[in-house]
Amino acid sequence: MIRRLSAATLAVLVTGTAAVLLQQPRPAAAEHRAQAPVVIGHRGASAQRPEHTLLAYETAIALGADYIEPDLVSTKDHVLVARHENEISATTDVESHPEFAGRRTTKTIDGRAVTGWFTEDFTLAELRTLRAEERIPDLRPENTAFDGLAQIPTFEEVVRLARRSGVGVYPETKHPTYFDSIGLSLEEPLLEVLGRYGWRGRRDPVFVQSFETANLRELRGRTGLRLVQLVNASGAPYDWTAA
């Protein structure tokens with residue numbers, strides 16, 4: 001099972017879409033596919049809809065994904081939302097909102113200077129006024145037809161969709177050391193949302209993943225959910241560097 005899961009995960013991480021791994025013509029509940037390859041809709045069906053939108057997750061489920069994979073960051077009012085990064089100029093229309101022009105800034109994220117607009121500087125209500133856009137239009141030009149149609153979803157909305165559709169969730173905590181440093185820890189609201197929908201243990205269709213190690217060790221002492229250590233091709237987990 002571990003070998004099958006790892007192979008599927010790596011393939012989806014490379015392709016960015018569940019469609020490439022599609023083995024079944026219809027959705028199937030994650031807990032009923034123990035003998036089959038595990039299909040993960042990485043950021044949703046991001047080759048067909050703007051990533052990390054309900055449109056993308058719904059499309060991944062329709063294509064047969066067993067799990068949908070949101071990357072999680074926090075808002076200013078400590079609500080987890082699904083974005084590839086906390087800097088949102090590439091994935092939303094924030095640049096076209098003059099009321100937020102003054103929030104453009106430069107921050108150091110995981111040791112790297114990043115300029116733009118950041119989720120932690122917006123309340124959820126403010127983020128709801130933005131609309132999602134295709135992150136890589138040169139690579140996925142057909143997705144631009146869906147620009148402006150979708151809001152940034154909350155993690156709870158993603159979980160609700162998964163429960164309703166009979167699939168699991170495979171969330172990744174993004175930049176947990178950074179979010180800890182600004183008082184917006186990702187782990188507590190993550191477990192709270194999952195627990196609210198009855199997902200707390202190893203038999204539940206949930207894998208929590210991270211490129212860092214400290215938050216996974218913390219989670220190991222607080223939950224029975226399955227945890228996944230992600231590994232880059234080079235370098236070290238940022239929490240090692242920060243320490």
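In which sense do strand β5 and strand β6 pair, and over how many bridges? Strand β5 (residues 105-109) and strand β6 (residues 112-116) run antiparallel and are joined over five bridges; here strands count as paired if DSSP finds at least two bridges between them. Thr-108 has Ala-113 of β6 as its bridge partner. Two residues sit between the strands of this hairpin, and Asp-110 there takes a positive phi near 50°.

The model is predicted, so local features need pLDDT of at least 70 and side-chain atom pairs count only at pLDDT 80 or more, while totals for chains, interfaces and linings use all residues. Residues are numbered from 1 along each chain as its sequence is written, and side-chain values use heavy atoms, with hydrogens and water left out.

The protein chain holds eight helices and ten strands, taken as DSSP runs numbered from the N terminus (helices are H or I of at least four residues, strands are E of at least two). The average pLDDT, which is the predictor's confidence in each residue from 0 to 100, is 89 for the chain, and 86% of the residues score at least 70. Residues 1-26 are another matter: the pLDDT there is below 50, though this stretch has 45 contacts in the model beyond near neighbours in sequence. Where pLDDT is low, the predicted coordinates should not be read in detail.

Of the 243 residues in the protein chain, 51% are buried. Buried means under 20% relative accessible area, exposed means over 50%, and partly exposed is in between (1.4 Å probe, protein chains only). As for contacts (heavy atoms within 4.5 Å), 68% of those between residues at least 6 apart in sequence join residues at least 24 apart.

What about the inside? The largest nonpolar core, with 45 residues, has Ile-68, Phe-155, Val-169 and Leu-194 as the residues with the most contacts inside it. Such a core is a set of buried Ala, Val, Leu, Ile, Met, Phe, Trp, Tyr and Cys residues joined through side-chain atoms within 4.5 Å. Elements giving two or more residues to this core include α2 (54-62), β3 (71-74), α5 and α7 (214-220), but the largest share, five residues, comes from α4. Apart from this core lies another one of seven residues, including Val-38, Phe-207, Val-228 and Leu-230. Val-169, leaving aside neighbours within four places in sequence, is in contact with Leu-194 and Phe-207, among others.

After α6 comes Gly-198, with a positive phi near 85°.

His-175, in the loop between β8 (172-173) and α5 (176-181), counts as buried because its relative accessibility is 13%. Beyond neighbours within four places in sequence, His-175 is in contact with Glu-85, Asn-86, Ile-109, Asp-110 and Glu-212, and Asp-110 is the hairpin residue with the positive phi. Glu-95, in the loop between β4 (80-82) and β5, is exposed, with a relative accessible area of 56%. Not counting residues up to four places away in sequence, Glu-95 touches Ser-89 and Trp-117. Glu-95 and Trp-117 are 22 residues apart in sequence, and their C-alpha atoms are 8.6 Å apart in space.
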